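The following explanation leads the reader through a structure, one part at a time. Please keep the sequence and the model in view while reading.

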Amino acid sequence: MKRVAVIGVGCLKIDSYAERPEHELLTETLKMAIDDCGVTKKDIDGMLIIDRVYNEQQMFENWYPAAYLQMETRICGKLLCGGASPGFALSHARYALACGDASVMVVASVNHETQVSTADHMMFAGRTFDRDYDLIHGVTITGVNGAMLTQRYLWEHKVPHEHIAMVAVRNRENASLNPIARYRQPLITVEEVLSSRVIAHPIHLLECASRDDGAAVVILAGEDRAREFRKPPIWIKGYGEYHDAASYISDDLTRLPAFGRAVRIACERGGVKPQDVQFAEVYAPFAVMEVIALDEMGFAPRGQGARLVAEGFTHRRGKFPLNVSGGLTSRGHPTYATELYNFIGAVQQLRGEAGALQLPGVTIGMATGAHSGANGHTVHILEREG
Amino acid sequence: MSEEVRAYLPRITQFNRPFWEGLKEKVFRTTRCQDCQAVSFPPRSLCPECFSDRYEWTRLSGEATLYSFTKHEIVPRAYIKEAPYITAMVDLSEGPRLLCRIKNAAYEDLIPGMSLEIGFGKLTEEIATFYFEPTPPTPTLPLEGGEQGRG
């Protein structure tokens with residue numbers, strides 16, 4: 001099996017692109033990734049596009065770009081695994097490259113949802129719950145995955161809400177230095193987070209990821225070709241994926257067990273320990289999930305993740321810089337592209353291209369995605385060649 | 001302007017009809033595996049513990065404990081008229097953990113671990129639903145005659 005590397009990346013500033021059709025966004029982003037690495041049209045022999053499950057105007061969004069750009073491919077399809085779709089697609093591209101079914105593959109996602117109001121979007125998104133037995137009660141993703149989870153975590157671990165609010169404060173501070181982030185200003189304080197509008201008690205607007213549009217493209221190549229292009233390859237060192245036996249959340253609201261499992265699998269496959277990972281871009285649509293991610297990575301006994309955040313452990317100059325690109329709460333959350341943004345954020349750090357947010361001397365990083373926000377996770381360990 | 005957006009209604013089938021018919025009669029029931037005795041919710045035709053398809057319907061006590069909860073301020077279009085409202089994750093005394101609405105309680109009075117009991121209402125004229133509410137305080141002295149049965 002061949003090793004597989006990231007050779008090119010491209011992404012649009014996260015924003016609202018309600019007026020622009022998906023294929024225009026995809027084309028513009030693909031061109032950015034092609035220019036990043038210098039691949040030619042004839043180099044690309046595979047393309048996986050993330051299936052957008054809502055507001056799809058143009059059907060067959062995988063073959064449509066192939067037709068629009070006149071690309072013949074050995075592998076071309078749409079994949080869906082919720083918010084973990086990009087990780088799932090990157091993984092399948094890696095399988096194809098590792099076994100030689102393709103040599104250079106494009107993974108692309110366009111998230112296009114801001115043309116729909118939040119109240120209408122919630123009607124659609126609620127159907128990720130049990131359609132017959134849960135949805136009838138009026139439950140929502142923010143209500144369960146954000147609010148009920150925070151409520152239980154605060155109660156069970158006797159954590160001050162201020163420590164969880166620190167996640168949002170730090171994300172905004174990082175996003176203020178990231179040119180592709182949607183929410184860069186104003187900087188916010190813990191008091192402002194906890195006095196922002198309540199979405200679902202006890203959580204506030206600034207503890208939640210927003211609804212955004214975005215487009216991101218990653219180009220991968222097998223090791224036989226990975227060094228032919230413009231930038232030094234960033235290797236996929238390990239990959240882990242784990243899914244709880246839950247359609248939405250795990251039974252224990254204070255944990256993300258599948259995240260812990262996926263991290264351990266990715267580290268085992270990559271031959272590293274979780275402590276060897278120098279920074280991470282984690283899929284956490286609610287502030288509390290960044291805290292639980294720290295618990296699950298084993299940095300502290302369960303319930304201590306919030307204290308770590310308050311102490312600066314996850315600050316970009318701390319021991320474990322977390323979501324340095326601004327996180328989902330401030331960089332923005334184009335759901336079906338978010339994991340690609342996490343992945344690209346990690347690649348840029350490892351290449352030394354992260355500008356004002358650059359972490360000094362990093363060689364091993366992690367990027368994750370999650371479906372339904374909590375019950376299944378995809379984890380990539382990336383490495384710059386030493 | 002736009003037509004009214006309606007809440008999703010459950011899809012009642014030959015398999016799950018005993019559950020939805022039960023609610024109309026204020027009976028809360030689910031399926032139990034005849035091989036391993038596991039009680040599951042929602043009702044299932046295949047036991048999630050042992051994959052046996054030998055199931056039977058069993059009546060639940062309607063008693064539960066509050067696990068976590070929220071009061072929704074921002075809600076899906078179909079629920080705007082009802083907001084704010086409280087939903088919760090509760091543990092049935094028989095084991096399963098489920099999502100539900102909480103009624104007849106103020107958000108400020110709720111605390112994880114408190115006792116709840118089931119109540120019944122309507123989604124439409126034809127379809128009944130259930131919710132949970134705080135269990136009334138137990139009288140300190142036993143009542144004469146001992147008829148304290150709840151639903």
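**The sheet of chain A**

A:Ile234 stands opposite A:Arg384, a residue of β11(A). The structure is a predicted model, in which local features need pLDDT of at least 70 and side-chain atom pairs count only at pLDDT 80 or more, while totals for chains, interfaces and linings use all residues. Residues are numbered from 1 along each chain as its sequence is written, and chains are lettered from A and ligands numbered from 1 in the order in which they are written. Helices (H or I, at least four residues) and strands (E, at least two) are DSSP runs, numbered from the N terminus.

The two strands β8 (residues 234-243) and β11 (residues 376-384) of chain A pair in the antiparallel sense over nine bridges; strands count as paired if DSSP finds at least two bridges between them. Both belong to an open sheet of nine strands in chain A, in the order β3-β2-β4-β7-β1-β8-β11-β10-β9, with mixed pairing. At its edges stand β3 (75-79) and β9 (279-281) of chain A, each with a single partner strand, so one side of each is left without a neighbour in the sheet. From one strand to the next, the twist averages 25 degrees.

**Helices of chain A**

Helix α3 (residues 85-98) of chain A lies across a set of strands that includes β1 (4-11), β2 (46-50) and β4 (104-111), and runs at about 170 degrees to β4(A). Such angles run from 0 to 180 degrees between N-to-C directions, and axes are lines fitted to C-alpha atoms, for helices over the stretch in contact. α8(A) lies across β8 and β11 of chain A, at about 145 degrees to β8(A).

Helix α8 (residues 257-270) of chain A also packs with helix α9 (residues 287-297) of chain A, at an angle of about 50 degrees and with the axes 9 Å apart. That makes α8(A) oblique to α9(A); angles under 35 degrees count as roughly parallel, over 145 as roughly antiparallel, 65 to 115 as roughly perpendicular and the rest as oblique. The contact is made by A:Phe259, A:Gly260 and A:Val263 of α8(A) with A:Ala293, A:Glu296 and A:Met297 of α9(A). Residues are in contact if their C-beta atoms, placed from the backbone, lie within 7 Å.

**Where chain A touches chain B**

Between the chains, 30 residues of chain A are in contact with 31 residues of chain B. On the side of chain A, α4 (118-125), α5 (141-157) and β5 (198-200) each supply at least two residues, and α5(A) gives the most, with seven. This side divides into 15 nonpolar, eight polar and seven charged residues. Here Ala, Val, Leu, Ile, Met, Phe, Trp, Tyr, Cys and Pro count as nonpolar, Asp, Glu, Lys and Arg as charged, and the others, Gly among them, as polar.

**Chain B**

Chain B is assigned domain 1 (13-60) and domain 2 (61-136), with bounds that come from an automatic or database domain assignment. The C-alpha centres of these two domains of chain B lie 21 Å apart. Nine residues of domain 1 of chain B are in contact with 13 residues of domain 2 of chain B. On the domain 1 side, the largest share, three residues, comes from α1(B).

Chain B also has an open sheet of three strands, in the order β2-β1-β3, with antiparallel pairing. Two bridges join β1 (residues 29-33) of chain B to β2(B), and B:Arg32 has B:Val39 as its bridge partner in β2(B).

Notes
Contact = placed C-beta atoms within 7 Å.
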